[in-house]
Structure formats: structure tokens, C-alpha cells
Amino acid sequence: MVSEKYNEAAKNLIKAIDIAIDVVRQYPPKGYESNHIAQFISTYLDIKKSIVNPDPQYMKMSSLKYKEEDVFIYFQEASGETVNEFWKRIKESGLPYKRENKMAKILKRKKIRNDIEYDYVIDTIVPLQQEGVLSKEDVSLLEQMMAQYEQKIR
């Protein structure tokens, strides 16, 4: 028998998927063409289908966490109107999800720990600077951390 906790988490994740699809349709990310939008929506509908009709062995919280990661990865790492609208609607819907500020954690720690964080910094440093999220000092510190990480992995 499936737990009430699982049912509630699945219901919330399905709502988040519906919001994601709606937002991408209404506010397509910059540079997305119709085929990109169609692929995005198809992927999210596949995730939703796997939540609505899971195989019995996947009807557990640990499996749902993987799906949650798949749903939120774009909205945690990207920026712009699409992402901002998504998080606004998540909050308005009262869903239990929060945007994780990975960059703030990296800056506070003053160290890039792994390839995932390094790639994240590389991918987001320019847009976050352009949006005014990162100061010149932050960018300088991040550039130093990237150089240190590059030296470490060589």
C-alpha cells in the first residue's frame, strides 16, 4: 500500500509539472524554437505519466525524488522570464518547493567542489552578472575559484 506522504508528494510534483509546461508554452526560454519547446513538453509529460502510472516497485519516495530532480533541474540552473514565472507560480500555488541558490552556496564556501559545480558556474556566471545578481567582486572571486579548480583537476 502506498503511503499518504508519497501520494501528497506525487500530487505536488504533478502540479509543478503542469506549471512548468504552462510556463514554457506562455514564456518560452530565449533561443528556444518550436521543436525545443515540443521536446521540453514531451519530456515533462513522460515524467508526469511515470508518476501517475508508476510501476509498483517505483511507488516510493526515493523514486519520486529522482523525478523531482528531473523536473526542477532546468528551473534551478537557468534564469530569465521563464524561470522567474515558474517560481512565482510555484509560490502562488503553495507548493512546497524552493529555488535553491547554488551560486550563493559556492560563494559562501569560497570553493568549487566538483565538476557539477564548476559547470554550473561556467554556465551561469555571465547571465547572473548581466541580471545584476552577481557583483564585480563576486565575478572576480568566482574566476579565482574556477582557476583553482582547474589547477586541481589537471
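Modeller: Ring pairs join Tyr32, Phe40, Tyr44, Phe72, Tyr74, Phe75, Phe86, Trp87 and Tyr97 into a cluster. Rings of Phe, Tyr and Trp (its six-membered ring) count as a pair if their centres lie within 6.5 Å; planes under 30 degrees apart are stacked, over 60 edge-to-face, and the rest tilted. The model is predicted: local features need pLDDT of at least 70 and side-chain atom pairs pLDDT 80 or more, while totals for chains, interfaces and linings use all residues. Residues are numbered from 1 along each chain as its sequence is written, and side-chain values use heavy atoms, with hydrogens and water left out.

Over the whole structure, the search gives twelve aromatic pairs. One of them is Phe72 with Tyr97, a tilted pair with 4.6 Å from centre to centre and 45° between the planes. This pair links distant parts of the chain, 25 residues apart: Phe72 belongs to helix H3, and Tyr97 to the loop between helix H4 (81-92) and helix H5 (102-109). Helices here are DSSP runs of H or I with at least four residues, strands are runs of E with at least two, and both are numbered from the N terminus. Phe72 and Tyr97 are both buried, a term for under 20% relative accessible area, with exposed over 50% and partly exposed in between (1.4 Å probe, protein chains only).

Tyr118 and Tyr149 make a stacked pair, with centres 5.3 Å apart and 25° between the planes. Here too distant parts of the chain are linked, with Tyr118 in helix H6 (residues 115-130) and Tyr149 in helix H7 (residues 136-153), 31 residues apart. Tyr118 and Tyr149 are likewise both buried.

Helix H3 (residues 61-77) also holds Lys67. Lys67 is buried but has no salt bridge, and the nearest side chain of opposite charge, Asp70, is 6.8 Å away. A salt bridge requires a side-chain nitrogen of Lys or Arg within 4 Å of a carboxyl oxygen of Asp or Glu. Apart from neighbours within four places in sequence, Lys67 is in contact with Leu13, Ile47, Ser50 and Ile51, where contact means heavy atoms within 4.5 Å.

As for the setting, the protein has seven helices and zero strands. Of its 154 residues, 37% are buried. Among contacts with a separation of 6 or more, 66% are between residues 24 or more positions apart.

Technical notes
Lys and Arg count as positive and Asp and Glu as negative; His and the chain ends are not counted.
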